[in-house]
Structures are given as structure tokens and as C-alpha cells.
Amino acid sequence: MGSILVICLNPTFQRTMVFNQFLEGEVNRCSTYRLDASGKGVNVARIIAQAGGHAIHLTHAGGPRRQELLDMLDADGFETIYADSKSQIRTCTTIINTENSTTTELVEEPEPVSPDTDALVRKLFTDALTEVSTVVISGTRTPGYSENLYPSFVQEAKKAGKRVVLDVKGTDLEESLAFKVDVIKPNLSEFAATFLPGVRVLEQEDSSEIQEIVVTKLKELHALYGTAILLTRGAHPVWIYDDSGFKELPVQQVQPVNTIGCGDAVTAGIALELDRGEDFTKAVATGLSFGRINAERLRPGTIL
């Protein structure tokens, strides 16, 4: 088992606030709250470390709270390499309403990174690539990065013989496939928006008609690129396609405490198990178990 390079180019502080009741338009007070370093790739790196793997986390950070973020990342037990983006680090807020068992996410859009950040991140990536066996790219790019950044990362990683796991969407996903990505992990609606133009599909869609359309596309993509594909569908069984064809895997139902980071937990489990030599189905099963554990925790992106 080697090291896993996890790329997160959209970091955030994640404030989690728990309310017994939340009334819009009123003053709401909570006694349970926390602040964590987050972002999809941060969550992935943290869970890999918690599960006994070695993660190297590549990100950017800037502004007056940069050291606060870096200290939080250091406390999570993985190595962080970063470029100074000279941009403020955003804060996203999770509101948990225990009365209704709901999780609401308030997302701050990130500031653009400084013009030289792209080149700095590319160099950090190239330098780190020699130390790892698997690369995970998770989440969207902050504005200011070039549109070809993620595809060029994938091309460079595959040329160097590394395994690549992608949890991205849109053109970043579509343009990366030509370089023989090992695993992609969009949710069902993201997959449809990227590969099935004109077909509107919800994340938790569950119909035989949609399944037939999607499986046909999964088969086509796998034949073209050899990519193993996982489609998450909320509480419904996940759909996967690899060399053995199409199959469904059940998602264990739980009473969630906080759903933020569940998809990242799945990504972490997949990357870790593949890096350990397990097959794709076993890796997905581990990822789903990590996602279930994450849902039962208040802290986002954790299995402890």
C-alpha cells in the first residue's frame, strides 16, 4: 500500500450548528456547534488517515485565516502541501434541525485565487506525484484556475502509472475520461447532466426506464475508456459498472445525524481499498460503510 494524493482546490471552514427547532425569520439559538476544516478533498484525506492510510493533501490557502486552516489540517493526521492563493477562505454553514431531522447547507461561493496559484499548484502536484500510488481529485475548482487543470492532472498521473479516482462533474469529468481514469463517482443527476444531455434525472431517481438509459451509457463509457463507474442515488442502491458488468449494491439505512461528507467518505473508502489491492466491488462496499458511519456522526467527514 502506498500514499494517496488527495486534491482539494475548494477548501472551506465548515461551521455545524444544531437546533432543537429552527424558525425562519426568528432569532434561533443553539448550544451545540463546531468548526472544522472541510471541503470534499479535505474530508476524503481525513477519513483515509482515520482508516489507517497515508494521505497527502494538496490544496490552496490564503488570507488572514490561512494558518488557522493549516493548523486544523495538521491536527487531522495527514500531510498538507499548499499554494498561497492570497484569497480568503470561505465558511460554509450546516444547520441541523433535530425537530424535523433535516440538514440544511448554506454555501459561500469562494473568492478567485490569485493568477499565479495555478502554476504553483501544478508544480506541487508534479513533485508529489513521485511519492504516491493513487490520486484522488474531489470537488470543483475555485475560480481562477485554468479549465484544463484537472484533465492535465489526470493525464500526468496516468502517464506516471498512477491510479486515479475522480469525484468531479461536468467538463472536468468529461474531458478527463480520455486519459483512462480508473474510477469515477458522480451521483446520478450529475452523471445525467454530464453524459445524457436533454435527459433530466434526479439524484434519487428510481425507475426501470431511467435505469435502462443509464446502464446503456455506462456500458458505452466503460467500453471506450475502461473506467469503473459508481453512481450514488441517495438512499437508493448504488449502481456500479466495471469489467464484470452492471450491478446494484444496497445502501444501509440509518437515522442520520449529519449527512455532510457522506459522499466523501465513500470516495475515501474506494481509494483506500483499491490502493490496498481490493477489487472495485469490495472497495465500493467499504466506501458505503464509511458513508453510513459518517452519517451517524455530528462532525462532517469522519468515521471516528
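Lys86 has its place in the loop between S5 and S6, where helices (H or I, at least four residues) and strands (E, at least two) are DSSP runs numbered from the N terminus. This is a predicted model, in which local features need pLDDT of at least 70 and side-chain atom pairs count only at pLDDT 80 or more, while totals for chains, interfaces and linings use all residues. Residues are numbered from 1 along each chain as its sequence is written, and side-chain values use heavy atoms, with hydrogens and water left out.

- Although Lys86 is not a glycine, its phi is positive, at about 60°, and with a relative accessibility of 57% the residue counts as exposed, the classes being buried under 20% relative accessible area, exposed over 50% and partly exposed in between (1.4 Å probe, protein chains only).
- Ser101, which is not a glycine either, has a positive phi of about 55°, and its place is in the loop between S6 and S7.

**Salt bridges**

- The count comes to 21 salt bridges, each defined as a side-chain nitrogen of Lys or Arg within 4 Å of a carboxyl oxygen of Asp or Glu.
- Lys86 also takes part in one of these, with Asp116, at an N to O distance of 3.9 Å; Lys86 lies in the loop between S5 and strand S6 (90-97) and Asp116 in the loop between strand S7 (102-106) and helix H3 (117-129), so the bridge ties together parts that are 30 residues apart in sequence.
- Asp116 is partly exposed, with a relative accessible area of 35%.
- Between Arg299 and Asp76 the closest N and O atoms of the salt bridge are 2.9 Å apart; since Arg299 lies in the segment after helix H9 (280-295) and Asp76 in the loop between helix H2 (66-75) and strand S5 (79-84), the pair ties together parts that are 223 residues apart in sequence.
- Arg299 is partly exposed, at a relative accessible area of 21%, whereas Asp76, at 13% relative accessibility, counts as buried.
- Both of these residues belong to a network of salt bridges that links Arg34, Asp36, Arg46, Asp76 and Arg299.
- Asp167 and Lys185 form a salt bridge whose closest N and O atoms are 3.2 Å apart; Asp167 lies in strand S9 (residues 163-167) and Lys185 in the loop between strand S10 (183-184) and helix H6 (188-195), so parts that are 18 residues apart in sequence are tied together.
- Asp167 and Lys185 are both buried.

**Aromatic rings and charges over them**

- Five aromatic pairs are counted, where rings of Phe, Tyr and Trp (its six-membered ring) pair if their centres lie within 6.5 Å, and planes under 30 degrees apart count as stacked, over 60 as edge-to-face and the rest as tilted.
- In the pair of Phe125 and Phe153 the ring centres are 4.1 Å apart and the planes stand at 20°, so this pair is stacked; Phe125 is in helix H3 and Phe153 in helix H4 (residues 149-159), 28 residues apart, and the pair thus links distant parts of the chain.

**Helix H6**

- Leu188, Phe191, Ala192, Thr194 and Phe195 are buried in H6, and they cover an arc of only 165° around the axis, which puts them on the same side of H6; the arc is that of the directions from the helix axis to the C-beta atoms.
- The buried residues of H6 pack against helix H5 (170-174), helix H7 (208-225), strand S11 (228-233) and strand S12 (236-242), with contact meaning heavy atoms within 4.5 Å.
- Phe191 and Phe195 are four residues apart in helix H6, separated by about one helical turn.

**The sheet**

- Nine strands form an open sheet of mixed pairing, in the order S5-S4-S1-S8-S9-S10-S11-S12-S13, two strands being paired if DSSP finds at least two bridges between them.
- S5 and strand S13 (245-249) stand at the edges, each with a single partner strand, so one side of each is left without a neighbour in the sheet.
- Strand S1 (residues 3-7) and strand S4 (residues 54-61) pair in the parallel sense over five bridges, and Val6 stands opposite His57 in S4.
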